[in-house]
Amino acid sequence: MRRIAGLPFALALSLCCLSPPPAARAQLAISITVDAAPPPLPVYEQPPIPGDGYIWTPGYWAWSDDIGYYWVPGTWVLPPAPEVLWTPGYWGWNDGVYAFHAGYWGASVGFYGGIAYGFGYTGLGYDGGYWRGGSFFYNRSVTNITNVSVTNVYNKTVINNTTNVSYNGGTGGTTVRPTPQQLAAASEHHVAATGEQTRHAEAAMKDPALALANNHGHPAIAATAHAARFSGAGVVAAHPGKPIAAPPPRHAQPATGHALPTANALPPGHALPTANALPAAHALPSGNALPPVHTPQAGHALLAGHALPAAHALRGAGQHPAPAAHAGAPAVHAPRPQLAQHAPPPPRAVAHPPAPHVARPVVHRPPPPPRRAPPHVSRPAPRPHPGARPHPAPHKH
């Protein structure tokens, strides 16, 4: 899909509405072009007229780059001035794309692509009523006048075209060409869509139920008695029919699958290796691979819960004996415990058989500090057992 103007349909319609009443001569157009053909027109009934002086504006398919085609329901509106009629907008094939031509108000009904919108819009002019002496006269044969009192009425048989083709030219479009009278009407004084019509189109664009992707060509809100009022009395649904496929919008976002949300994504430098593999610098030889739970990483101390017994630790040449069997290595990044000042007891010989499982890589540990001999304490010579003291010699005079 492509759009040349770069404006959503309703926004462009709003800009046309904001233009001053003295509209430009020649037919107003919105520069919106789409590669995919517009869907067929849905079939629906006209809601009752809300009061005297209203004129029917038929529904049409509009386009938005964000949602694709969406339906703008037909509705009753008040004209911007007396003695003017509504020329509906239409899609026309032009230079390989479908371009939308905006509707307008004017003294006569101009060319609208030969699209049979119904309710008096047969593809050529308007047979739903006419102006005379400042009053509008309604043709009861194509106008639903059932709930209000309207005196200016008449009956004229209108042959309705049953086709629901929504565009002119191209493959499958209507082949109607402008008549001399319609070409002359294109140069008359025109007035753009009213503010009420603009709000109606904007409300349709914001309603998800009116997107072709959701209603499949048969909207539940096909027509309304009041502009921009999509609930309550006066809302008419389209007849059911064959589902219509919707072309993708221009700004459709691709599905992300199972990607993590942005807030939970890992930084590029911390991406996990595929299948839990160790980084290249820490990869173990294929023949000595250990189970993932016990796989140590070189250069890091083993966790306390996975410490190897002393009899199973591999010792390199010249290494000192391993510490006691139940002394676990300190945890990673934990502070190194202070060595006791007392001499450790002599190591006991462990009578475990050689480990049956695969050899574990040598873990380089710093050699323990040299053992200090217990300080020599000199003890005094044992005292002789006190025996019977000898009697003193008799004193000689």
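**View A. The E7–E8 hairpin in the predicted model.** Strands E7 and E8 form a hairpin, with two residues between them. Asp95 sits in the turn and has a positive phi of about 55°. E7 spans residues 90-94 and runs antiparallel to E8, joined by five bridges. Within this pairing, Tyr90 faces His101 of E8.

**View B. Strand E8 and its pairing with E1.** E8 covers residues 97-101. Four of these five residues are buried, so the strand is largely enclosed by the rest of the structure. Strand E1 (residues 33-34) pairs with E8 over two bridges, in the antiparallel sense. Here Val34 stands opposite Tyr98.

**View C. The open sheet E10-E11-E12.** Three strands make up this sheet, and their pairing is mixed. E10 (129-132) and E12 (153-154) stand at the edges; each has a single partner strand, so one side of each lacks a neighbour in the sheet. Strand E11 (residues 135-139) runs parallel to E12, and two bridges join them. Asn139 stands opposite Tyr154 of E12.

**View D. The surroundings of Thr224.** Thr224 belongs to strand E15, residues 223-224. Its relative accessibility is 0%, so Thr224 counts as buried. Its side chain makes a polar contact of 3.1 Å with the side chain of Thr75. The Thr224 side chain also reaches the backbone oxygen of His226 at 2.9 Å. Beyond neighbours within four places in sequence, the contacts of Thr224 include Pro47, Trp56, Pro73, Gly74 and Trp76. Also among them are His200, Arg229, Phe230, Gly234 and Val235.

Technical notes
Residues are numbered from 1 along each chain as its sequence is written. This is a predicted model: local features need pLDDT of at least 70, side-chain atom pairs count only at pLDDT 80 or more; totals for chains, interfaces and linings use all residues. Side-chain values use heavy atoms; hydrogens and water are left out. Helices (H or I, at least four residues) and strands (E, at least two) are DSSP runs, numbered from the N terminus. Buried means under 20% relative accessible area, exposed over 50%, partly exposed in between (1.4 Å probe, protein chains only). A polar contact is a pair of N or O atoms within 3.5 Å; within protein, one must be able to donate a hydrogen and the other to accept it, and residues adjacent in sequence count only if both atoms are side-chain atoms. Contact means heavy atoms within 4.5 Å. Two strands pair if DSSP finds at least two bridges between them.
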